[in-house]
Amino acid sequence: MTTICTRPGPPQDTQVPQDTQVPQDTQVPQDTQDQDKEYVGFATLPNQVHRKTVKKGFTFTVMVAGESGLGKSTLINSLFLTDLYKDRKVPNAEERICQTVGMIKHTVGIEEKGIKLRLSIIDTPGFGDAVNNTESWKHIEDYIDQQFEQYFRDESGLNRKNIQDNRVHCLLYFISLFGHGLRPLDVACMKALHAKVNIIPLLAKADGLTETEVCKKKTKIREDIRRFGINIYQFPDCDSDEDEDFKTREQILKDSVPFAVIGSNVQVESKGRRFRGRSYPWGVVEVENPAHSDFLLLRNMLVRTHMQDLKDVTREIHYENYRAQCIQNMTRMMVQERKRRDRSLRRMRR
Ligand SMILES: Nc1nc2c(ncn2[C@@H]2O[C@H](COP(=O)(O)OP(=O)(O)OP(=O)(O)O)[C@@H](O)[C@H]2O)c(=O)[nH]1
Ligand SMILES: [Mg+2]
């Protein structure tokens, strides 16, 4: 077998300098010596991978989409505990028009226990307000495509080191609580995007519904998703050797789709506690109370349990499809170009 790629320089970490070798008189217990004989050492590979990836840091990009006024901006603000709109002022009519066509990308660098995460959140103007809503999601589709295109270009370029991954890993799709299941616009939009991005459907403003209504709406939305052949993000199946606790948690997650969410930008005070919530004349709703909404389930899933899987599916399925399509188009163009050249050569010879 020939080695294609080698790293320059001597393998520093394989040579133990004389002075750092274990002194002969140091007593190493017999069972440790036996173990050392049995192990080659590749069991440390996960540690090596861990160290390397931690050094590089992580990136994750979330995007929101859905009809206007469903609480997209409010929810992403609540989700990542950052007041992204601290200096938000009530926009005048002119600014409102700007807002509806503009896409806003917020990037926050977060560090937790030495792990760095560059989190990008893309807020999009809601659609459905216009007289003609045909393809009102086009700006979202274009944005996703542009990120794939940029990545494909960077990856095919000469310098492939330090490529910035701006691909959209997840699209939180907001569904109105007022509809009976999915509206035609939701179906059209989700079908236009489902092959490009991981769609996670959300039932917006769940505080406007009773518990039974939430259950009924969820069932209807799930039925519609199946009926219209929409491919939303599929949670990975559990391995048979996973513990029961893990399997139960995963099942709860799967059964909760679409996640019923509540957003709020303010802290409310009730019974001596301060929390992110919404205050009404008849009581308060807590954004992070599992009895009130699936907000915590969603945040845990995005940040704690499924971030890597969302990235893997983006890379292995959505981006691969895009890449294959690009290569196919390029090949087709090259063949056409060659045929055209051959034809003109033949004409010249005649
Ligand atoms: N009842 C209720 N109201 C909410 C909730 N989330 C947001 N709102 C309110 O709904 C209104 C619209 O919220 P936004 O977050 O601006 O909605 P949006 O989807 O970003 O709207 P566009 O940017 O126009 O698409 C605001 O008055 C929010 O306070 C919620 O969970 N429940
Ligand atoms: Mg908004």
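Predicted model: local features only at pLDDT ≥ 70, side-chain atom pairs only at ≥ 80, totals over all residues.

Mentor: Let's start with Lys271, which sits in the loop between β7 (267–270) and β8 (273–280). Residues are numbered from 1 along each chain as its sequence is written, while chains are lettered from A and ligands numbered from 1 in the order in which they are written.

Trainee: Why is Lys271 called exposed?

Mentor: Count the other C-beta atoms, placed from the backbone, within 10 Å: 20 or more means buried, 12 or fewer exposed, and anything in between partly exposed. Lys271 has 5, so exposed it is.

Trainee: What about Lys205, buried or exposed?

Mentor: Lys205 has 22 other C-beta atoms within 10 Å, so it counts as buried. You'll find Lys205 in the loop between β5 and α7 (211–227). Its phi is positive, about 50°, although it is not a glycine. Lys271 is also a residue other than glycine with a positive phi, near 50°.

Trainee: Which residues does Glu141 contact, leaving aside its neighbours within four places in sequence?

Mentor: Ala192, Leu193 and Lys196. A contact means that the two C-beta atoms, placed from the backbone, lie within 7 Å.

Trainee: How do you know that the buried residues of α6 are on the same side?

Mentor: In α6 (residues 184–193), the buried ones are Asp186, Cys189, Met190 and Leu193. They cover an arc of only 95° around the axis, so they share one side of α6. That arc is taken over the directions from the helix axis to the C-beta atoms. These buried residues pack against β1, α5, β4 and β5 (199–203).

Trainee: Why do β2 and β6 count as edges of the sheet?

Mentor: The open sheet has 6 strands in the order β2-β3-β1-β4-β5-β6, with mixed pairing. β2 (104–112) and β6 (259–260) each have a single partner strand, so one side of each has no neighbour in the sheet.

Trainee: What makes β1 and β3 a pair?

Mentor: Pairing takes at least two bridges found by DSSP. Strands β1 (residues 58–66) and β3 (residues 115–123) run parallel and are joined by 6 bridges, so they qualify. In that pair, Met63 stands opposite Ile122 of β3.

Trainee: Which residues touch the most other members of the largest nonpolar core?

Mentor: Leu171, Tyr173, Leu202 and Val261, out of 49 residues in that core. Such a core is a set of buried Ala, Val, Leu, Ile, Met, Phe, Trp, Tyr and Cys residues joined through C-beta atoms within 7 Å. Strand β4 (residues 170–175) gives it the largest share, 6 residues. Beyond four places in sequence, Leu202 has contacts that include Tyr173, Pro258 and Val261.

Trainee: What kind of peptide bond joins Val257 and Pro258?

Mentor: A cis one, with omega about -5°. Pro258 lies in the loop between α8 (244–255) and β6.

Key: Helix = DSSP H or I, 4+ residues; strand = E, 2+ residues; numbered from the N terminus.
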